[in-house]
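Open the model in your viewer and get ready to click around. We'll go stop by stop, selecting a few residues each time and seeing what is there.

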Amino acid sequence: MIKQLFFLLLLLPTFVFAHGDEDHETGKATTTKVATYFSSEATSDLYELLLKYKTIQPGKEAILKLYVSNFNSNLPIDSANVQITVSGNPTIKITVRQIDKGVYEVKGIFPEKKKYNLTVNINSLLGPDLLLLSNIEIGKELITETAEAAHDHPTWYSSSWFFGILGLLAGLLVMFFVMKKRSRKVTVSILVICCLLPTALYNKAIAHGDEDHENGTSGGGSLSNTFLVEKESQFLFNIITQKITTSNFNESTQALGTVVASPQGNAVIQSPQTGKLVSIRVNPGQAVNAGQVIAIVEQTIDAGTQSSIMAQNSDWRAKRNEAEAQYTAAKIQYNRLKSIEDIAAKKDVTEAKARLEQAEKNRALYQNIPLQKVQSAKYFNLTSPITGVVGNYNYAMGSFINSGETLLEVTNLNRVFVETQIFTNESEQLKSIEKITTSSNNKNDTTTYQLKLISTAQSVNGDNQSQKVIFEILNSKAQFKIGENINVNIFSKNVSAQLTIPTDAIAEVNGKPAVFIKDNAEKYSISYISKGASNEKFTIVMKGVEAPERVVTGGVYQMKSIYLNQ
């Protein structure tokens, strides 16, 4: 039994040596990417040119594609006048025609198998420029097969069978010497060495399994910081770049505000007395002016009120009759004195005339208030106190409405206020305001509206230590609704020179802020950044980018998807 155990222990090196031929990267062959085209590029302060072509045979017509874009923005250049000549070979005719926005087809016949340089004379709305596309290789073949790593074609001396047989022979040889030795110490020493040898080789195998088998870089399974985006995809996804520079930066604070009506911009129409809604003069959504009749209400009259009204009517009749009698008597007296004016005292005539004028005024007062109007005093009008737009009715025509209940609201959105909650540490910026802006939640409205500070807080909310500040939206043009939540941007007068990038250019990748930088025509890289202060449009970058790198500002989501799917 002991001999069999010794034999198994001595055969362990066989399995250890067999490790040499296993696949360290299951499913990942160390191959190079197949090249599908050749390319040449040239850049200037205005333009970026990329020429793409496949194998060109000497003496045959070649078709190449030229991509023309704005160097700073990466936008395709449309309707450009492009003229191409071959440097050193002016007799070679090159034709250019536009096939798409920013894409031009180049045709020509290159007689020799060598490298050519193309001089590109371009003119567009950006202005004229002259660029050189160098090293256009004629006759060079594309690589059609992937380059395989050496361990994909193992030699006989690196095979697992070779190491297995070699380990077996070594084990048998060691066992032979062990069985021959009579000394127990020697036997134990050899046995310990044989047992430790597989352990050492196994640890080495583990360490070997963790090394990178691709180009000597660590983390073969991790994403590379650089990746390729073909020009066609850039134009398709509208990838836009911007050259970052150091510029003046306004510190700002963003607060959440709620739109409320101004004191003169909202009126509640209520019935002062209990009654029946007998007439509705306007419709919901209709514009009305101040003083315009909204509805008519018939007052509900009890028996006591009805008796009072009847008594008032009787008293009114008596007073009107009395005024009429006084007028008649004063007129008769004045006419009589007027007829004997020659012999009558002048004082009497003057007094009679004054009594007649007063009686005439009293009579006219009661004539201007007809009896029908007094009798219809139980009907009263509800009018709008402001100019605005009528809201929805809370009662239908014919309904009874109690005193103090709201019939509807009239709102004027041409002037609205915004209530915001600003914390104590942010309220310092209110002392040095440069400007205050907001924008509508309506996607079709891209206007930036200015705000005016109306009132600062006189107290602090004890729950969250915030302060209520009220602003007015200037020229709101009814774009904001009462109760709507909007963002208020408060810019300070404190301006400093900072390295800033558009806030929209920042993407979150693996939980960290990052930007995509354009290195050349089709090569991009990702850079993780450290952010500083920001406002509604720009963010200060403390670390991660440098001027004048070109940062992707449009199509950031598409760039993130391409990077993560590489």
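## First stop: a pair of charges

Select Lys468 and Glu419: their side chains meet in a salt bridge, 3.9 Å from N to O. The term salt bridge here means a side-chain nitrogen of Lys or Arg within 4 Å of a carboxyl oxygen of Asp or Glu. Lys468 lies in strand β23 (residues 466–473) and Glu419 in strand β20 (residues 416–423), so the pair ties together parts that are 49 residues apart in sequence. Helices (H or I, at least four residues) and strands (E, at least two) are DSSP runs, numbered from the N terminus.

Lys468 is partly exposed, with a relative accessible area of 47%, and Glu419 is partly exposed too, at 29%. For these labels, buried means under 20% relative accessible area, exposed over 50%, and partly exposed in between, using a 1.4 Å probe and protein chains only.

A word on what you're looking at: this is a predicted model, where local features need pLDDT of at least 70 and side-chain atom pairs count only at pLDDT 80 or more, while totals for chains, interfaces and linings use all residues. Residues are numbered from 1 along each chain as its sequence is written, and side-chain values use heavy atoms, with hydrogens and water left out.

Next, pick Lys518 and Glu48, whose closest N and O atoms are 2.7 Å apart in a salt bridge. This one links distant parts of the chain: Lys518 sits in strand β26 (residues 512–518) and Glu48 in strand β2, 470 residues apart. Are these two buried or exposed? Both Lys518 and Glu48 are buried.

Now try Glu137 and Lys140, a salt bridge with its closest N and O atoms 3.5 Å apart. Glu137 is partly exposed at 23% relative accessible area, and Lys140 is partly exposed at 38%.

## Into the core

Which residues have the most contacts inside the largest nonpolar core? Select Leu51, Leu64, Leu66 and Phe110; the core they belong to has 30 residues. A nonpolar core is a set of buried Ala, Val, Leu, Ile, Met, Phe, Trp, Tyr and Cys residues joined through side-chain atoms within 4.5 Å. Elements giving two or more residues to this core include β1 (38–43), β2 (47–53) and β3 (61–70).

## A three-stranded sheet

Colour β4, β7 and β8: they form an open sheet in the order β4-β7-β8, with antiparallel pairing. Strands count as paired if DSSP finds at least two bridges between them. The edge strands are β4 and β8, each pairing on one side only. Zoom in on β4 and β7, which run antiparallel and are joined by six bridges. There, Ile84 stands opposite Val120 in β7.

## Last stop: helix α9

Select residues 556–564, helix α9, where Val556, Met559 and Tyr563 are buried. They cover an arc of only 60° around the axis, which puts them on the same side of α9; the arc is that of the directions from the helix axis to the C-beta atoms. An α-helix has 3.6 residues a turn, so residues three or four places apart point the same way. To see what the buried residues of α9 pack against, show β9 (226–228), β25 (507–509), β26, β27 (523–528) and β30 (550–554).

Technical notes: Contact = heavy atoms within 4.5 Å.
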